[in-house]
Amino acid sequence: MTAEDPAALTDLAAPTDLAAPTTPIARCELWFVELTLRRPFRTARDTTDHRPLTLVRLIDHDGAEGWGECAALAAPGYSTEWADGAFVALRDHLVPALLAGVTIAPAAAPMAAAAVEMARVDLALRRSGRSLASRVGARRPAVPWCAVVGRQPDIDALLGVVGDRVAMGAAMVKLKVEPGWDVVAVTAVREAFPGLDVAADANGAYDTRPWDAVALADAGIVYLEQPVAPTAVLRSAEIARVGAAPVALDETLGDPAGVRAALAAGAGSVCNVKPARVGGLGPAMACLAEARAARSRCFVGGMLESGLGRAAAVALAAVPGFDLPCDLGPSAAYVDDDLTEPIRTDASGAVVVPDGPGLGRCPDVEELLRRGARRTVVEP
Ligand SMILES: [Mg+2]
């Protein structure tokens, strides 16, 4: 089989259009709103204490509506997209294309495209009275979750936050790490919480210190996520080959073909699948198919979503094949006052998969106005 062989291309996992059949859109509203997080979230790259979000509201000619959420962060860094830029991309390019009936390719602005796709999926499913969980083949009513814990001022504070998350029902924790805050932090948590699974996410912080990444991988963790930059595939493969813990890939995986290439190169053996990062729920399903074909373990990652995006991601996490705890905790782990009815846990601490029509959650317009959200109308 060669790269030129057309037959070799036929088995590439094609993204499914989860919004089919579609109805013409009469109107689109973009809502720009900010969430305040319960506590600042610090990674190797930046600190987030407020969360700007663009919500996409599509309304068809029958008055049915669907909502989507854009996960782009306040500044470029995690990816090349950022919240203000994604808003402009939606307002000036993606939504006008949608209203003109033009197919949107997610590659250039996946997080903006994912917001439109999510709204289209929500609209189509609400029209048919079907839930997203049912549409994607979710099999579990609730899913275990991994609490992602940002860097803290000191170890005592770290143990306090971990204890809080375990009390909320977290099945494992993942520490945001960077040189100077890695093995010591992991070891402290493992000693204070024996039996608790601990993972680490470096957001690419070990580019110039790969041997420190190997030391971290040898510290008894479940996986080491994104030790080096997204394109440093060969260096990631070297760490995966030498270190004890499997390497998980996040920023590296931009689309289904990218999943296949990175896994074939040995850059990792665990896939963090985020619908926003890969252009939507359909592409995320295709990424899962690629990962499973390569026998990779998988989980659904988080982007500090509101209840809307969180509901979509939790439904995806209940699909067979996502065999590690998802990064989507209950709303209460992140905000005091979510934009939607909160995402909750069951008596065992697992996150309950929304089973109502569409995404199973939607924002209340009056509540958005009360919060000072800005509405921009885009019409055909
Ligand atoms: Mg990550």
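Of the 380 residues in the protein chain, 52% count as buried; a residue is buried if 20 or more other C-beta atoms, placed from the backbone, lie within 10 Å of its own. The model is a predicted one: local features need pLDDT of at least 70, side-chain atom pairs count only at pLDDT 80 or more, and totals for chains, interfaces and linings use all residues. Residues are numbered from 1 along each chain as its sequence is written.

The overall dimensions come next. The protein chain has a radius of gyration of 20 Å, which agrees with the value near 21 Å that a compact globule of 380 residues would have. This radius is taken over C-alpha atoms, and the globule rule is 2.2 Å times the number of residues to the power 0.38. Along the principal axes, the C-alpha atoms fill a box of roughly 60 × 55 × 35 Å.

The secondary structure comes to 12 helices and 13 strands. Both are DSSP runs numbered from the N terminus, with at least four residues of H or I for helices and at least two of E for strands.

Two strands pair if DSSP finds at least two bridges between them. Strand β1 (residues 25-42) and β13 are joined over 5 bridges, and L30 stands opposite T376 in β13.

Axes here are lines fitted to C-alpha atoms, for helices over the stretch in contact, and angles run from 0 to 180 degrees between N-to-C directions. Contact means that the C-beta atoms of two residues, placed from the backbone, lie within 7 Å.

The other open sheet to look at has 7 strands in the order β5-β6-β7-β8-β9-β10-β11, and the pairing is parallel. Its edges are β5 (146-149) and β11 (297-300), each with a single partner strand, so one side of each is left without a neighbour in the sheet. Within the sheet, β7 (residues 197-201) and β8 (residues 224-225) pair over 2 bridges, and the bridge partner of D201 in β8 is E225. Helix α4 (residues 155-168) lies across β5 and β6 (172-176), at about 155 degrees to β5.

Helix α8 (residues 256-264) has P256, V259, R260, A262 and L263 buried. These buried residues pack against α7 (233-242), β9 (247-249), β10 (270-273) and α10 (281-293). Just after α8, G266 takes a positive phi of about 80 degrees.

Which residues have the most contacts inside the largest nonpolar core? They are L90, I221, L224, V314 and A315, in a core of 127 residues. Such a core is a set of buried Ala, Val, Leu, Ile, Met, Phe, Trp, Tyr and Cys residues joined through C-beta atoms within 7 Å. Helix α2 (residues 110-128) gives the most to this core, with 12 residues. The core draws at least three residues from each of domain 1 (25-129 + 363-378) and domain 2 (135-352), with bounds from an automatic or database domain assignment.

Methods: A residue is buried if 20 or more other C-beta atoms lie within 10 Å of its own, exposed if 12 or fewer, and partly exposed in between; C-beta atoms are placed from the backbone.
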